[in-house]
Amino acid sequence: MYKIAVIPGDGTGPEVIREGCKVLSAVSNKMGFKLEFTKFDLSGERYLKTGALLLDEELEELKKYDAIYFGAIGHPDIKPGILERGVLLKLRFELDQYINLRPVKLYPNVYTPIKDKGPNDIDFVVVRENTEGLYTGTGGIMKKGTPDEVAIQTSINTRKGVERCIRFAYEYTRKRDKKKRLTLCGKTNVLTYAFDLWDRVFNEIGKKYYPEIERDYVHVDALTLYMIEKPEFYDVIVTDNMFGDIITDLAAIIQGGLGIASGGNLNPEGLSMFEPIGGTAPKHTGKNEINPLAAIGSGAMMLDFLGEEKAAKAIEAAIIKVTPKMKSMRAAEMGYTTQEVGDLVVKEL
Ligand code: IPM
Ligand code: MN
């Protein structure tokens, strides 16, 4: 039995998480294990009513669970940054979820905007560092609103943080056992301190412990070009928090869009959290038209991480049977409702 903390959140979060839980329950019944879901009301809605973000006692409570299943958080009436820092990033940081794992796989019959590329060409994984870099909130504003204003935001890169991320990426490349190529995405030509550290750790660890893994380096700007031109070259890409954020939106669109892009915030030694990488989609909220496959895929990643690999594979196999039936991965254009897509996945299971 696994205890799952569920945070549906705002916008379309609850709609996609509902389908995800449906699929997870179906697969657990079939495979003979139990999932117990407990809802946590962390949301922009609650913040507007009570002023509460993620409370310390909630954080303590969450630690009793085996995994967190997260929808999306955000609210059009709340200034950007408040919910992100107060809930999502607080969860990632406080639970030390130092890896953000984002698989990029084009499923059969899913539209990609890249001409002449297919499922055989688009199949790689981004390992994004998830607790450091520009995301730490280090810095400040001085003389705000005056002509002498100064704004500083510092990228923090620790040996420990970089090393554990890079080690994870090598291990993952080894276990994945595909092209056996790990690409470091950086900016060594300009960010000569931060990526000097990344580059040295990348090569040291690779030479010493993973000689069979090919080491590849690319500047982040060039990667945005290559990812479109030759996505088939990539196997596993490791990068820092900010670059990882940016390149995984680009990666999401080449695999069919945010409707199908899944992710996991991993603490390999602790509590992990699984979330579709798209946001709250206010335009589509409450219309039963958002694509739940990203959330369903994130649920599969959660099971994989919990050690239920067979169940995870079964969900992925079912998704692969459902995507060809759908007109599009885009919200409101699927040819099915949110609920129907969830039902189709359950049926294929
Ligand atoms: C993501 C999101 C978040 C991030 C935001 C919502 C804070 O864009 O998960 O990629 O920047 O990490
Ligand atoms: Mn992002």
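Predicted model: local features only at pLDDT ≥ 70, side-chain atom pairs only at ≥ 80, totals over all residues.
How many nonpolar, polar and charged residues does the lining of the second largest pocket have, by class?

Let me start with ligand 1. The residues around ligand 1 are Glu84, Leu88, Arg92, Arg102, Arg128, Tyr135 and Asp245, and if we sort this shell by class we find five charged residues and two nonpolar ones, with no polar residue among them. Helix 4, which runs over residues 82–94, gives the most to the shell, with three residues.

For Asp245, a polar side-chain atom lies 2.9 Å from an oxygen atom of ligand 1. Taken on its own, ligand 1 has 320 Å² of accessible area, and the protein covers 75% of that.

Now to the largest pocket, whose volume is about 1,000 Å³. Its lining consists of 30 residues, and those that lie nearest the centre are Leu101, Pro103, Tyr172, Met301 and Asp304. Several elements each supply at least two residues of this lining, including strand 4 (99–105), strand 5 (123–129) and helix 5 (159–176), but helix 9 gives the most, with six residues. By class, the lining divides into 17 nonpolar, 10 charged and three polar residues. In terms of domains, at least three lining residues come from domain 1 (1–103 + 258–349), and at least three come from domain 2 (112–124 + 132–255).

That brings me to the second largest pocket, in which about 450 Å³ of space lies. This pocket is lined by 25 residues, with Leu258, Gly259, Ala281, Ile290 and Ala331 nearest its centre. Helix 1 (13–31), strand 3 (67–72) and helix 9 each supply at least two residues of the lining, and helix 9, as I said, also gives the most to the lining of the largest pocket.

So, to return to the opening question, the lining of the second largest pocket has 11 nonpolar, 11 polar and three charged residues.

Key: Residues numbered from 1 in each chain as written. Chains lettered and ligands numbered in written order. Heavy atoms only, no water. Near = heavy atom within 4 Å. Polar contact = N/O pair within 3.5 Å; in protein donor to acceptor, adjacent residues only side chain to side chain. Areas by Shrake-Rupley, 256 points an atom, 1.4 Å probe, with all protein chains shown as cover. Helix = DSSP H or I, 4+ residues; strand = E, 2+ residues; numbered from the N terminus. Nonpolar A, V, L, I, M, F, W, Y, C, P; charged D, E, K, R; others polar. 1 Å grid on protein atoms, 1.4 Å probe; cavity = no way out; pocket = protein on both sides within 12 Å on 5 of 7 lines; lining within 4 Å. Points joined across faces, edges and corners; volume = space filled by probe spheres on them. Domains from an automatic or database assignment.
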